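Reader: I am new to this structure and would like to be guided through it. Could we begin with the overall picture and then turn to details?

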Amino acid sequence: QPDFSVGGKFVTSLRYGENPQQQASWYRQLGTRGLQECEILQGKPLSYNNLLDLDAAVSTLLEFAEPTSIAVKHNNPCVVGMGKNWEAAVEKSIKADPVSVFGGIVAINGKVSQKSAELLTSIFLECVIAPDYSPEAMRVFAKKKNLRVMKATQMLSWKYNIRFREILGGVLVQSHDQVEKKFQEDPRVHGDSPSHSVRE
């Protein structure tokens, strides 16, 4: 295999890394699209752990075409809610396991309405990310000043090309896992998951 190199462009310094004693910065990979495109509509700057959870939430969300709301905490998806519309999906993702969702990040693959915003602000969340929000939803979010509300208009077109993982003395590189359509549609996939998955 040929040698390879990866370039990164500085995005911002972060307050700290995974733990308070660690320094951290955010770089975007050259020639790629992703979280650096987000517009932070309100809330505090993103942390290192926020970015890890956002990555887990959005990358999981991209596996679904139907209206879906996904909650992630500690870098693990804990709830997936799907419905006939985004309000139903958000309601299911919040009510399925509010204990696990508490303090997490919620990603939605459609426009957030006032009703959805009211559900999302009924518990403590770190971040909400979606392609768009209604003006009424933003007025609801404004009551939660510390909640990070992120608008990612092109989120559903993002994709991984290759995945990296650091090991001692090196880096492992692999192609992104492309889940086959027949596997996605198998109801056993959703029924056997240790996380909560709620459908209509």
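**Overall picture and details**

Author: This is a predicted model. The accessible surface of the protein chain comes to about 12,200 Å², and 50% of that surface belongs to carbon and sulfur atoms.

Reader: How many helices and strands are there in the protein chain?

Author: The protein chain has seven helices and 13 strands.

Reader: And what percentage of the residues count as buried?

Author: Of the 200 residues in the protein chain, 38% count as buried. As for contacts with a separation of 6 or more, 46% are accounted for by residues 24 or more positions apart.

Reader: Let us look at a helix. How many residues does α1 have, and how far does the helix reach?

Author: Helix α1 covers residues 48-61, which is 14 residues. From its first C-alpha to its last it reaches 20 Å, close to the 20 Å expected at 1.5 Å a residue.

Reader: Which residues of α1 are buried?

Author: The buried residues in α1 include Leu51, Leu54, Ala56, Ala57, Val58 and Leu61. Asn50, Asp53 and Thr60 are buried in α1 as well.

Reader: Changing topic, how many aromatic pairs does the structure hold?

Author: It holds three aromatic pairs. One of them joins Phe10 and Tyr27, in an edge-to-face arrangement with 5.6 Å centre to centre and 70° between the planes.

Reader: Where do Phe10 and Tyr27 lie?

Author: Phe10 is in strand β1 (residues 8-14) and Tyr27 is in strand β2 (residues 24-29), so the pair ties together parts that are 17 residues apart in sequence. Phe10 itself counts as partly exposed, because its relative accessibility is 45%.

Reader: What about the pair of Phe102 and Phe124?

Author: That pair is tilted, at 5.6 Å centre to centre with 50° between the planes. Phe102 lies in the loop between α3 (98-101) and β6 (105-108), and Phe124 in the loop between α4 (114-120) and β8 (127-130), so parts 22 residues apart in sequence are tied together. Phe102 is partly exposed at 46% relative accessible area, and Phe124 is partly exposed at 41%.

Reader: Is Thr121 buried or exposed?

Author: Thr121 counts as buried, because its relative accessibility is 14%, under the 20% cut-off. The residue is placed in the loop between α4 and β8.

Reader: Which residues does Thr121 touch?

Author: Leaving aside residues up to four places away in sequence, Thr121 touches Val140, Phe141, Lys144 and Leu147.

Notes
Residues are numbered from 1 along each chain as its sequence is written. This is a predicted model: local features need pLDDT of at least 70, side-chain atom pairs count only at pLDDT 80 or more; totals for chains, interfaces and linings use all residues. Side-chain values use heavy atoms; hydrogens and water are left out. Helices (H or I, at least four residues) and strands (E, at least two) are DSSP runs, numbered from the N terminus. Buried means under 20% relative accessible area, exposed over 50%, partly exposed in between (1.4 Å probe, protein chains only). Contact means heavy atoms within 4.5 Å. Accessible areas come from the Shrake-Rupley method with a 1.4 Å probe; for residues, only the protein chains shown count as cover. Rings of Phe, Tyr and Trp (its six-membered ring) pair if their centres lie within 6.5 Å; planes under 30 degrees apart count as stacked, over 60 as edge-to-face and the rest as tilted. The expected span of a helix is 1.5 Å times one less than its number of residues.
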